[in-house]
Amino acid sequence: MVKGKLYLVPTPIGNLKDITLRALEVLENADIIAAEDTRQSLKLLNHFNIKKSLFSYHQHNEQGKSEDIISKLEEGLNIALVTDAGTPGISDPGSVIVTKCIERGIDFEVLPGATAITTALVYSGIDTTKFVFRGFLPRENKERKPVIDELEGVKDTLIFYEAPHRLLDTLTYLRDNLGDRKIAICRELTKLHEQIFRGTINDGINHFVENRPRGEFVLVIEGKSEAEIKAEKEALWSDLTIEEHIIKVIESGIDKKEAIKIVAKERGIPKKEVYKYSTNL
């Protein structure tokens, strides 16, 4: 028996016109559709007059339902997987079934389409060349602290998703742990009440204290600047003499010759100047 094929189909993140012709064709031709929320997906299908059988596939039943999907694919059925909005597998169900398809040798196809990540990034006006996406931060401080500690020194642009009822708490936490960096707070992307707030994190806090957060948010935050990194490095040796600086570098396990180069570079002075303070070491 010929196996079926799984299609991961992105759906609009707000504006229904953002669906692709290819996505509509796949949804029309699929035998069945696996949906994160069948009621939400039904609205989309009805809008485009697509009549298909749907079944539920969400984060709480993903492990079990993925086996059901595999069985149906092995029976020869073609299945389209959709989430409420955006691309399956990006902060939404989808990655589990992809892994299982790879393990079982079942063909699958990922369609390109709408995603809030790149839309917000371009809107932000912040560096788009390199970025780190971390989805929703954990709710509890003990769980989100290691995430933020890992990202604090990253120079790449940072992107997070956030819900309206958690926005102010998250912004406050980010300001207190990353510093008052430049941010773009993108609300209700592609929808009627789309809004892009640009400023510092503290500006954003003040804005949303006065304007109650509504809708879904994407936070785009500038990475750590070279000036910040340089200042932090300088703080490690600014109170040391040149000789003490050399000793400190040597104590980290580096030989004297290399330590002289490092100290010269960090202080922005010639190596021969540093060498004079190393003769007795």
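Contact here means heavy atoms within 4.5 Å. This is a predicted model, in which local features need pLDDT of at least 70 and side-chain atom pairs count only at pLDDT 80 or more, while totals for chains, interfaces and linings use all residues. Residues are numbered from 1 along each chain as its sequence is written, and side-chain values use heavy atoms, with hydrogens and water left out. Helices (H or I, at least four residues) and strands (E, at least two) are DSSP runs, numbered from the N terminus.

**The open sheet**

- Strands of a sheet pair through backbone hydrogen bonds, either parallel or antiparallel.
- An open sheet is formed by 5 strands in the order β3-β2-β4-β1-β5, and the pairing is parallel; two strands pair if DSSP finds at least two bridges between them.
- The edges are taken by β3 (53–56) and β5 (108–110), each with a single partner strand, so one side of each has no neighbour in the sheet.
- From one strand to the next, the twist averages 20 degrees.
- Strand β1 (residues 6–8) pairs with β5 in the parallel sense over 3 bridges.
- Opposite Y7 stands E109 in β5.

- Two packed helices are described by the angle between their axes and the distance between the axes.
- Axes are lines fitted to C-alpha atoms, for helices over the stretch in contact, and angles run from 0 to 180 degrees between N-to-C directions.
- The axes of α3 and helix α4 (residues 95–104) cross at roughly 45 degrees and come within 9 Å.
- That angle makes α3 oblique to α4; angles under 35 degrees count as roughly parallel, over 145 as roughly antiparallel, 65 to 115 as roughly perpendicular and the rest as oblique.
- The crossing of α3 past α4 is right-handed, a term used if the near helix is turned clockwise from the far one by less than a right angle, with left-handed used if anticlockwise.
- On the α3 side, E62, Q63, S66, E67, I69, I70, L73 and E74 meet S95, V96, I97, K100, C101 and R104 in α4.
- By class, this contact of α3 with α4 has 6 nonpolar, 3 polar and 5 charged residues; Ala, Val, Leu, Ile, Met, Phe, Trp, Tyr, Cys and Pro count as nonpolar, Asp, Glu, Lys and Arg as charged, and the others, Gly among them, as polar.

**Helices α6 and α7**

- Helix α6 (residues 141–151) packs with α7 at an angle of about 45 degrees, the axes being 11 Å apart.
- α6 is therefore oblique to α7.
- α6 passes α7 in a right-handed crossing.
- N141, R144, K145 and I148 in α6 meet D169, T170, Y173, L174, N177 and L178 in α7.
- The contact of α6 with α7 has, by class, 4 nonpolar, 3 polar and 3 charged residues.

**Single residues**

- S66 lies in helix α3 (residues 62–74) and counts as buried because its relative accessibility is 0%; buried means under 20% relative accessible area, exposed over 50%, partly exposed in between (1.4 Å probe, protein chains only).
- Leaving aside neighbours within four places in sequence, S66 is in contact with Y57, V96, I97 and K100.
- V249, in helix α10 (residues 242–250), is buried, with a relative accessible area of 10%.
- Apart from neighbours within four places in sequence, V249 is in contact with I254, A259, I262 and V263.
- V249 and A259 are 10 residues apart in sequence, and their C-alpha atoms are 5.7 Å apart in space.
- H165 is in the loop between β7 (157–162) and α7 (167–178) and is exposed, with a relative accessible area of 63%.
- The C-alpha atoms of H165 and S71 are separated by 39 Å, and these residues are 94 residues apart along the chain.
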